[in-house]
Amino acid sequence: MAADEPPERQLRVMPWWLVLVGLLVAAALGWLVLDLLLTEADRASQPDTRATLRIDAIRTGLTVVAGTGGGLALLLAARRQWIAERAQRHQESVAARDQAHRDRVQAHAESVAEAAQRHQERQSGAAEHDAAERRLTELYTRAVELLGNDSAAVRLGGVHALERLGQDNPVQRATIVAVLCAYLRMPAPDDEPRETEVRRSAQRVLTRHLRAADPAYWPDVALDLAGARLLDFDAAGCTLIDADFTGAVFTGATSFAGTTARGRLSLGVVFGDVVFDDLVADAEVVLDDARVGGEASLDRVEFGGGLSCRRATFDGPVSFRRASFGQPASFDATRFGEGATFREATFLGGLSMEHTEFAGHAGFRSARFADMALFRWTVFGRDAMFEQARFEGAANFGRARFHGPASFDGAWLSQPPQVDQARATVDGGHAWPAGTTVQRLDDEWLLLVDR
């Protein structure tokens, strides 16, 4: 029953004696009326009149009895009609309650069936997930076992098995990259061509999935190749996230051309030939203690987070043409064995080249120094060219040594340079900034002093 439906009153059956009482009341009422009328009729003086009045009295009494009976009949008929209507309403109410109950039962059955279906689907999904996880674990374990096999061919198969596994299962990519990096960090047998090929393949697998423009790109994975030995490592166009090559040895030709470095980029300590052209880094790039045995090209590199290149050694020519340094750059105690050019480079956050040595040409033509530029104790073994350079901050060449020509022709300095005790060869053909005080120290050296 609905909450707002009023409760029905109990229907009671009319007892038989109540009908008998009604009839007796009708008869008594008729008898009383008849008696009253007959009494009045008997008071008439004429016999004819008395007879007529008695007949009318009897007729009236019978009419009263008949009327009373008719009223009782109408009352009973009205009661029957009320009972019938109430029974109809009761039947309709019962039918409505039965229908509502059937609807609730149906809804409950459907809800139970739906819940059972969902539970079955969850169980089925869990079973499928468990089966997939077991299969994935088996494939992963098998691939790692192949990678540790004594046969180089089997190890090569393990590398490609891991790659396929990572391509099909994105959630496993970080783990697979970590496994391949760990493999490359392990010591390799010297002069083992088959192992070299396995390692080349592992390198290619890593770099192939780090190029954002490639459909096979694996985002958000980090390389940890600290201390690894890498041969002809090609990361051109890759996106490196917090890549760590600390202590790595790069042999052959290494390329980071067009690379995007997000987070700190720690590079190795030994390079052959290396190319960093058009690299974009948003955090610090670290080349401390690095040794580059061949050519190094860093043209148009954007060092957004600065460069730390302390105590590095560049045996071959180095080029930083049009490079941009957004944060301080340090080349302290670095040695450039051959020519080094920073032509049109921009140093926005300051430059430090204290105790740096240029054994060959040092070119800073049209370079811009937006902040302090420190060349204290720097040794320029040959020509030092600062033509048309722009020094917007302080320039300090204190105790520097110019063994070849030094030219500041066309250079602009916001303030006179500090040259405390700097020295230059007598026959160098120098072009010093305006206002520079030069004194002859002896037959070989000139002494530059601050005013």
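These are my notebook entries on a predicted model.

**Entry 1: the open sheet**

I looked up the strand order first. An open sheet holds nine strands in the order β2-β5-β9-β13-β17-β21-β25-β29-β33, and the pairing is parallel. I then asked which strands form its edges. They are β2 (239-241) and β33 (412-413), each of which pairs on one side only.

Strand β29 (residues 390-391) pairs with β33 in the parallel sense over two bridges. Arg390 stands opposite Trp412 in β33.

**Entry 2: the largest nonpolar core**

The largest nonpolar core has 91 residues, and Phe245 and Phe342 touch the most other members. The elements that give two or more residues to this core are α2 (47-147), α3 (152-168), α4 (173-185), α5 (193-208) and β34 (422-425). Of these, α4 gives the most, with seven residues. As a general point, nonpolar side chains tend to be buried together in soluble globular proteins.

I listed the surroundings of Phe245, leaving out residues up to four places away in sequence. Phe245 touches, among others, Leu223, Leu225, Leu230, Phe233, Leu240, Phe250 and Phe256. Its list also includes Ser266 and Gly268.

**Entry 3: strand β36**

I asked how many residues of strand β36 (residues 445-449) are buried. Five of its five residues are buried. In a regular strand the side chains alternate between the two faces of the sheet, so I checked each face separately. Trp445, Leu447 and Val449 lie on one side, Leu446 and Leu448 lie on the other, and all are buried.

I then recorded the partners of β36. Strand β34 runs antiparallel to β36 and is joined to it by four bridges; Ala424 stands opposite Leu446 in β36. Strand β35 (residues 437-440) also runs antiparallel to β36, again with four bridges, and Gln439 stands opposite Leu447. β35 and β36 form a hairpin with four residues between them.

**Entry 4: Ser330**

Why does Ser330 count as buried? Its relative accessibility is 7%, and buried means under 20%. The side chain of Ser330 makes a polar contact with the side chain of Asp332 at 3.3 Å. Leaving aside neighbours within four places in sequence, I found Ser330 in contact with Leu307, Ser308, Cys309, Arg310 and Ser352.

Conventions:
Residues are numbered from 1 along each chain as its sequence is written. This is a predicted model: local features need pLDDT of at least 70, side-chain atom pairs count only at pLDDT 80 or more; totals for chains, interfaces and linings use all residues. Side-chain values use heavy atoms; hydrogens and water are left out. Two strands pair if DSSP finds at least two bridges between them. A nonpolar core is a set of buried Ala, Val, Leu, Ile, Met, Phe, Trp, Tyr and Cys residues joined through side-chain atoms within 4.5 Å. Buried means under 20% relative accessible area, exposed over 50%, partly exposed in between (1.4 Å probe, protein chains only). Contact means heavy atoms within 4.5 Å. A polar contact is a pair of N or O atoms within 3.5 Å; within protein, one must be able to donate a hydrogen and the other to accept it, and residues adjacent in sequence count only if both atoms are side-chain atoms.
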